[in-house]
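Visitor: Please take one part of this model and examine it closely, residue by residue. I would like a connected account that states the cut-off behind each term.

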Amino acid sequence: MHEMSLCEGVLQILETEAKRQHFTKVKTVWLEIGTMSGVEIEAMRFCFDAVIRHSLADGAKLEIIEVPAQAWCLNCSQSVTVQQRYDACPHCGSYQLQVTSGEEMRIKELEVE
């Protein structure tokens, strides 16, 4: 379950930013998670609640924004949405796709006080 270490990384970023930007409480965290990132959303929610206990984010809401995967088709030169690796291009059927997004996870926004 690598989601636990991902949540610990998120908390570490929150603590660093709290010192840098002088806030003391995190109320909401918006995370963008790509559909091909390998992160299980429900495991992430469970681990987030466990990791933030007794921290500056204790009781914070976790809002997850799923980012669809995009790829560039080398055959028809179009950006296309894909569901998984090795999908065919929905326009020309080529398998020569280069994934351009959907593998990332990042903190998009924070609500703090």
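Guide: Lys-19 is found in helix H1. Helices (H or I, at least four residues) and strands (E, at least two) are DSSP runs, numbered from the N terminus. At 68% relative accessibility, Lys-19 counts as exposed; the scale calls a residue buried under 20% relative accessible area, exposed over 50% and partly exposed in between, with a 1.4 Å probe and protein chains only. The C-alpha atoms of Lys-19 and Gln-70 are separated by 36 Å, and the two residues are 51 apart along the chain.

The model is a predicted one, in which local features need pLDDT of at least 70 and side-chain atom pairs count only at pLDDT 80 or more, whereas totals for chains, interfaces and linings use all residues. Residues are numbered from 1 along each chain as its sequence is written, and side-chain values use heavy atoms, with hydrogens and water left out.

Two packed helices are described by the angle between their axes and the distance between the axes. Helix H1 spans residues 3–21 and helix H2 residues 41–51; the angle between them is about 50° and their axes are 9 Å apart. The axes are lines fitted to C-alpha atoms, for helices over the stretch in contact, and the angles run from 0 to 180 degrees between N-to-C directions. H1 and H2 are therefore oblique to each other, the class left over once angles under 35 degrees count as roughly parallel, over 145 as roughly antiparallel and 65 to 115 as roughly perpendicular. The crossing of H1 past H2 is right-handed, a term used if the near helix is turned clockwise from the far one by less than a right angle, with anticlockwise giving left-handed.

On the H1 side, the contact is made by Glu-3, Met-4, Leu-6, Cys-7, Glu-8, Val-10 and Leu-11, and on the H2 side by Ala-43, Met-44, Cys-47, Phe-48 and Val-51. Contact here means heavy atoms within 4.5 Å. By class, the contact of H1 with H2 comprises ten nonpolar residues, two charged residues and no polar ones. Ala, Val, Leu, Ile, Met, Phe, Trp, Tyr, Cys and Pro count as nonpolar, Asp, Glu, Lys and Arg as charged, and the others, Gly among them, as polar.

From the C-alpha atom of Cys-47 to that of Val-29, 18 residues away along the chain, the separation is 14 Å.

The segment before H1 contains His-2. UniProt, in an unreviewed entry, places the feature "binding site" at His-2; such positions follow the numbering used here, feature names are shortened, and annotations may be inferred rather than shown by experiment. With 38% relative accessibility, His-2 counts as partly exposed. Not counting residues up to four places away in sequence, His-2 touches Gly-38 and Val-39.

The UniProt annotation "binding site" (unreviewed entry) also covers Cys-73, Cys-76, Cys-89 and Cys-92. These four are spread over 20 residues of sequence, yet they cluster in space, with a largest C-alpha distance of 8.8 Å. Cys-73 lies in strand E3, residues 69–73, and at 0% relative accessibility Cys-73 counts as buried. Leaving aside neighbours within four places in sequence, the contacts of Cys-73 are Gln-78, Cys-89, Cys-92, Ser-94, Gln-96 and Leu-97. Cys-92 sits in the loop between strand E4 (79–82) and strand E5 (97–101), and its relative accessibility of 34% makes Cys-92 partly exposed. With the neighbours within four places in sequence left aside, Cys-92 is in contact with Cys-73, Asn-75 and Cys-76.

The loop between E3 and E4 holds Leu-74 and Ser-77. Leu-74 is in contact with Gln-96 and Gln-98, its neighbours within four places in sequence being left aside; the C-alpha atoms of Leu-74 and Gln-98 are separated by 7.3 Å, although these residues are 24 apart along the chain. Ser-77 has a phi near 55°, a positive value in a residue other than glycine, and is partly exposed, with a relative accessible area of 45%. Tyr-86, in the loop between E4 and E5, also has a positive phi without being glycine, near 70°. Tyr-86 is exposed, with a relative accessible area of 75%.
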